[in-house]
Amino acid sequence: MPRVSFLAIDVGNTRLKWALYDAARPSANVLAHGAEFLENIDKLADGAWQGLPAPARMLGCSVAADAVKRRVEEQMEELWDVPCHWVVSSAAEAGLTNGYDHPTRLGADRWVAMIGARHRLPAGEASRPLVVVMVGTAVTVEAIDANGRFLGGFILPGHGIMLRALESGTAGLHVPTGEVREFPTNTSDALTSGGTFAIAGAIERMVQHVRHHCGAEPACYMTGGAGWKMAPHMSVRFELVESLIFDGLLEIAQRRFAA
């Protein structure tokens, strides 16, 4: 394997995902990739990263506590002399303007995913509004107008949190995961269907908001570890993109490291 230029890291609520690219730019070739649960971060240097060539640059996105980021940095320090850079949401970056009341308080994963989504738009649709959804431990639903301004977004619990909340707060609901049905006739299916359609309803409501506000049909992207569960049950057409956060990291890295 040749010496690589760029290591991208996405630290979520449950897992760390990483990818090595041959350059810090969009459409770079993936040379290696993987994922680890957060409790296994301390095994990276002796496991998945052992034997990989040193990256020239690193850029990460994390929603975890600073202590988790430090554990990642310690694993890198065991192997490579590479500065660690972490994305913090800002007022504007890579063609996106942040409309949050306090821009730096916006989750870095949300910010990076929106940047990735905006740069996925075909050249002829660059001025189209967007709805960007991440389905994971939590679900986020973001709205971006045609000028690239982040208008705001929803945060709601993911499937697992919804089910655990019902199990802990309601007697007799400790049942296996069911199937998504239009008309559930057992408790397992009722719980799974209720969570799925609750998330779908929030997403579809945001699409309606963007249509009304922007006067145009938004392009819609969905990502996250549980995105594949939601996609078949949406009444609005979404493009499912597994690499949306990595796409955003590549866009940001190209600008930051070139400068």
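Student: In what order do the 4 strands of the open sheet lie, and what is their pairing?

Tutor: In this predicted model, the 4 strands have the order 3-2-1-4, and the pairing is mixed.

Student: Why are strand 3 and strand 4 said to stand at the edges?

Tutor: Strand 3 and strand 4 (57–62) each have a single partner strand, so one side of each is left without a neighbour in the sheet. From one strand to the next, the twist averages 10°.

Student: What makes strand 1 and strand 4 a pair, and in which sense do they run?

Tutor: The criterion is at least two bridges found by DSSP. Strand 1 and strand 4 are joined by 6 bridges, so they count as paired. The two strands run parallel. As an example, Ala8 has Leu59 in strand 4 as its bridge partner.

Student: Which strands does helix 1 touch as it packs on the sheet?

Tutor: Helix 1 (residues 66–79) touches strand 1, strand 2 and strand 4, and its direction makes about 150° with that of strand 1.

Student: Why is helix 2 called roughly perpendicular to helix 6?

Tutor: The axes of helix 2 (residues 108–118) and helix 6 (residues 244–258) cross at roughly 80° and come within 7 Å. Angles of 65 to 115 degrees count as roughly perpendicular, so helix 2 is roughly perpendicular to helix 6.

Student: Which residues of the two helices meet, and what are their classes?

Tutor: From helix 2 come Asp109, Val112, Ala113, Ile115, Gly116 and Ala117; from helix 6 come Leu244, Ile245, Asp247, Gly248, Leu249, Glu251 and Ile252. The contact comprises 8 nonpolar, 2 polar and 3 charged residues.

Student: What is the volume of the largest pocket, and which residues are closest to its centre?

Tutor: The largest pocket holds about 980 Å³ of space. Its lining has 38 residues, of which Asp10, Arg15, Lys17, Gly224 and Gly225 are the closest to the centre. By class, the lining has 19 nonpolar, 13 polar and 6 charged residues.

Student: Which elements supply at least two residues of that lining?

Tutor: They are strand 1 (6–11), strand 2 (15–21), strand 3 (30–37), helix 2, strand 7, strand 8, helix 5 (227–230) and helix 6.

Student: What lines the second largest pocket?

Tutor: The second largest pocket contains about 300 Å³ of space. It is lined by 14 residues, and His159, Leu163, Thr177, Thr192 and Lys229 are the closest to its centre. Helix 3 (159–169), helix 4 (187–214) and helix 5 each give two or more residues, and helix 3 has the largest share, 3 residues. The lining has 4 nonpolar, 9 polar and 1 charged residues.

How values were computed. Residues numbered from 1 in each chain as written. Predicted model: local features only at pLDDT ≥ 70, side-chain atom pairs only at ≥ 80, totals over all residues. Heavy atoms only, no water. Axes fitted to C-alpha atoms, helices over the stretch in contact; angles between N-to-C directions. Parallel < 35°, antiparallel > 145°, perpendicular 65-115°, else oblique. Contact = heavy atoms within 4.5 Å. Nonpolar A, V, L, I, M, F, W, Y, C, P; charged D, E, K, R; others polar. 1 Å grid on protein atoms, 1.4 Å probe; cavity = no way out; pocket = protein on both sides within 12 Å on 5 of 7 lines; lining within 4 Å. Points joined across faces, edges and corners; volume = space filled by probe spheres on them.
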